[in-house]
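Work through the exercises below with the sequence and the model at hand. Each task is followed by a solution in steps.

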Amino acid sequence: MNRTTSNGPEGGLRPSRRGGGHGNSVYVETYGCQMNIADGELMEGVLEKQGYGVVDAPGEADVILVNTCAIREHAETRVLGRIGQLSGLKRERPWLVIGVTGCMAQRMGDALLAKAPGVDLVMGPDGYRRLGEALRTILPPEGRTNRRLSVLRLSLDENYLGLEQRRRSRVTAWIPVQRGCNHRCTFCIVPYVRGPEKNRDPDDVLREVERVAGDGITEVTLLGQTVNSYRYGGWSFARLLRAVARVSGIRRVRFTSPHPNDVTEDLIGVMAYEPAVCEQFHLPVQSGSNRILKRMVRRYTRQSFREKVELVRSGVPGVALSTDVIAGFPGETERDFEDTLELLARIRFDEAFTYCYSPRPGTPATRFRKEDFVPRDIAGRRLERLIGATRSTQAEINRGEVGRVETILVERMAKRAGMVLGRTRRNKAVAVEGTEADVGSYRTVRLVDTTGVTFVAEPAGRVNGARRRNREA
């Protein structure tokens with residue numbers, strides 16, 4: 001739905017000293033997943049081409065866009081608080097335009113305009129092509145009427161063909177290949193705020209990867225809500241992954257987030273035989289209880305999930321596995337939770353992202369019986385146990401890797417002075433001595449210590465006879 005209403009005092013958009021050709025500047029603040037990060041870069045790209053200058057702080061902007069997530073209630077509460085803070089800037093700069101974009105904007109819609117009077121624009125994920133037009137509608141250059149606007153129509157055809165992201169990193173690049181989702185997991189809001197699955201033309205994807213490589217970026221991550229379900233004509237995800245991995249100049253390829261049901265032998269074969277594809281696999285399990293998996297409509301069992309894990313590990317030796325797990329899903333008993341802990345102990349993930357179940361209005365899980373909902377205090381205690389168990393496993397695995405020689409791609413300066421932060425092919429974070437000049441380079445290092453999550457390393461040249469244990473020799 002597109003809707004325009006009038007609101008507030010008259011006023012025009014003042015020129016910014018740091019703006020682009022239109023005299024306007026924009027600041028984008030992003031919350032949420034990698035897809036949201038890519039969307040933030042897309043919005044910056046759209047507006048930069050229309051003459052906006054992208055700035056690094058809200059105090060420098062004429063337009064502030066808060067790019068949001070709707071996966072969990074806590075994320076929305078945090079964003080609402082942040083919107084309240086940003087709205088206070090209008091006291092000194094009444095011409096300031098504040099927009100809320102993304103999944104939370106799509107979910108709340110016009111209700112967000114009512115709940116947050118400082119917000120001028122509410123725009124869902126399929127509206128970004130019309131972002132410049134929407135801002136001109138709110139504050140046309142020839143007029144003085146301050147209007148409020150919502151742009152919420154989901155489109156089956158919108159794949160952002162022809163639009164380019166303004167990439168914030170000169171080291172790695174997010175490449176969306178799929179938007180929306182055809183799965184209907186009962187806890188998930190994504191199909192309702194991003195619509196059904198829409199896959200990009202593979203030729204368009206490959207042209208983007210080639211442009212990225214031409215700019216000197218050597219690592220790309222292919223993004224999709226269930227990325228390995230990608231289909232376009234005769235193209236499967238395995239075929240697309242192979243083609244991306246063979247683009248000249250690309251040294252590392254990652255992808256996220258796959259669905260267990262779409263893990264195939266063809267996909268694992270590409271991972272095994274294409275040198276650029278990293279030995280890393282994110283495989284969300286969500287629960288280790290067959291009863292809860294059925295209530296979630298995940299369409300696999302703990303047994304079939306373990307078979308997928310074995311397929312991945314047998315095809316890609318040494319692969320690092322990560323996962324997502326939810327505690328306190330409606331109907332979860334103590335036995336169900338123990339089944340989850342037991343499955344995690346068997347599989348031993350390198351990393352786990354753990355959450356309490358968060359009811360999302362409009363999702364099927366909210367319609368379960370009231371007595372099915374796990375009390376917050378019990379769910380919170382289960383989450384604490386889940387965090388403790390998964391972090392203990394992660395620390396144990398990482399301690400066993402101290403002494404390895406790895407190649408890292410340096411992504412940025414670390415928090416500790418004189419250190420840089422990079423990642424191995426298996427997506428392990430590593431801090432090592434370095435300078436800004438090292439960012440974007442590949443360095444061979446020896447892992448000498450770990451906090452349990454991050455490694456500390458030293459240059460491998462200090463180790464006599466050290467050998468590199470990966471495919472980037």
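**Exercise 1.** Is arginine 166 buried, partly exposed or exposed?

Solution. The model is a predicted one. Arginine 166 has a relative accessibility of 27%. Buried means under 20% and exposed means over 50%, so arginine 166 counts as partly exposed.

**Exercise 2.** Find where arginine 166 and glutamate 44 lie, and state what their salt bridge ties together.

Solution. Step 1: the two side chains meet in a salt bridge, at 3.3 Å from N to O. Step 2: arginine 166 belongs to the loop between β7 (147–151) and β8 (172–176), while glutamate 44 is in helix α1 (residues 34–49). Step 3: the pair therefore ties together parts that are 122 residues apart in sequence. Glutamate 44 counts as buried, at 3% relative accessibility.

**Exercise 3.** Describe the salt bridge between arginine 166 and glutamate 48.

Solution. Step 1: the N to O distance is 3.1 Å. Step 2: glutamate 48 is in helix α1 and arginine 166 in the loop between β7 and β8, 118 residues apart. Step 3: with 38% relative accessibility, glutamate 48 counts as partly exposed.

**Exercise 4.** Which parts of the chain does the pair of arginine 246 and glutamate 274 tie together?

Solution. Step 1: the closest N and O atoms of this salt bridge are 2.7 Å apart. Step 2: arginine 246 sits in the loop between α8 (237–245) and β14 (252–256), and glutamate 274 in the loop between α9 (265–273) and β15 (280–282), so the parts tied together are 28 residues apart in sequence. Step 3: arginine 246 is exposed at 57%, whereas glutamate 274 is buried at 8%.

Notes. Residues are numbered from 1 along each chain as its sequence is written. This is a predicted model: local features need pLDDT of at least 70, side-chain atom pairs count only at pLDDT 80 or more; totals for chains, interfaces and linings use all residues. Side-chain values use heavy atoms; hydrogens and water are left out. A salt bridge is a side-chain nitrogen of Lys or Arg within 4 Å of a carboxyl oxygen of Asp or Glu. Helices (H or I, at least four residues) and strands (E, at least two) are DSSP runs, numbered from the N terminus. Buried means under 20% relative accessible area, exposed over 50%, partly exposed in between (1.4 Å probe, protein chains only).
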